[in-house]
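Please read this briefing alongside the sequence and the model.

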Amino acid sequence: MVEVFDENQPIYMQIMDLIKKQMISKELLPGERLPSVRDMSKQLGVNPNTVQRAYIEMEREMLVYTKRGQGTFTVDEPEVILKLRQEMVLDRVAKFVREMEEFGFSHDELLKVIERFLSE
């Protein structure tokens, strides 16, 4: 599965986002082992150093941890996953609202559009 990456954002950040999405969607379970750096780099079609950087950054964010000789694992704390989920949702909502404001939508117009969309 070679991933298609957005050239406007660093690949390691996109890999982090992919793993975070898998964590909040429970595709990756709490405490589950991530693929090795080598395996993940082959799956995604990227340099192993890029995957390593993503894993290191996620460890700094305390979303994964490494056991020497065993691999990298997702954090096994439900409150951390819940916080991650809330942060990702708020981030996407904020981007969406800002873009709609740039298009000239008022907050009331935006709410009506969202309500119409959700009712369909």
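The points below are grouped by topic, after a note on the basis of the values.

This is a predicted model, in which local features need pLDDT of at least 70 and side-chain atom pairs count only at pLDDT 80 or more, while totals for chains, interfaces and linings use all residues. Residues are numbered from 1 along each chain as its sequence is written, and side-chain values use heavy atoms, with hydrogens and water left out.

**Hairpin**
- Strands S1 (residues 64–67) and S2 (residues 71–74) run antiparallel and are joined by four bridges, where pairing requires that DSSP finds at least two bridges between two strands; strands are DSSP runs (E, at least two residues), numbered from the N terminus, as are helices (H or I, at least four).
- Val 64 stands opposite Thr 74 in S2, and among the three residues between the strands, Gly 69 takes a positive phi near 80 degrees.

**Rings and charges**
- There is one aromatic pair, counted when the ring centres of Phe, Tyr or Trp (its six-membered ring) lie within 6.5 Å, with planes under 30 degrees apart called stacked, over 60 edge-to-face and the rest tilted.
- Tyr 65 and Phe 73 form this stacked pair, at 5.7 Å centre to centre and 20 degrees between the planes.
- Lys 67 lies over the face of Phe 73 at 5.2 Å from the ring centre, and Arg 53 lies over that of Tyr 12 at 3.9 Å; the rule asks for NZ of Lys or CZ of Arg within 6 Å of the ring centre and within 35 degrees of the ring normal.

**Exposure**
- Phe 73 counts as buried because its relative accessibility is 11%, whereas Tyr 65, at 30%, counts as partly exposed; buried means under 20% relative accessible area, exposed over 50% and partly exposed in between (1.4 Å probe, protein chains only).
- Phe 117 lies in helix H5 and counts as exposed because its relative accessibility is 61%.
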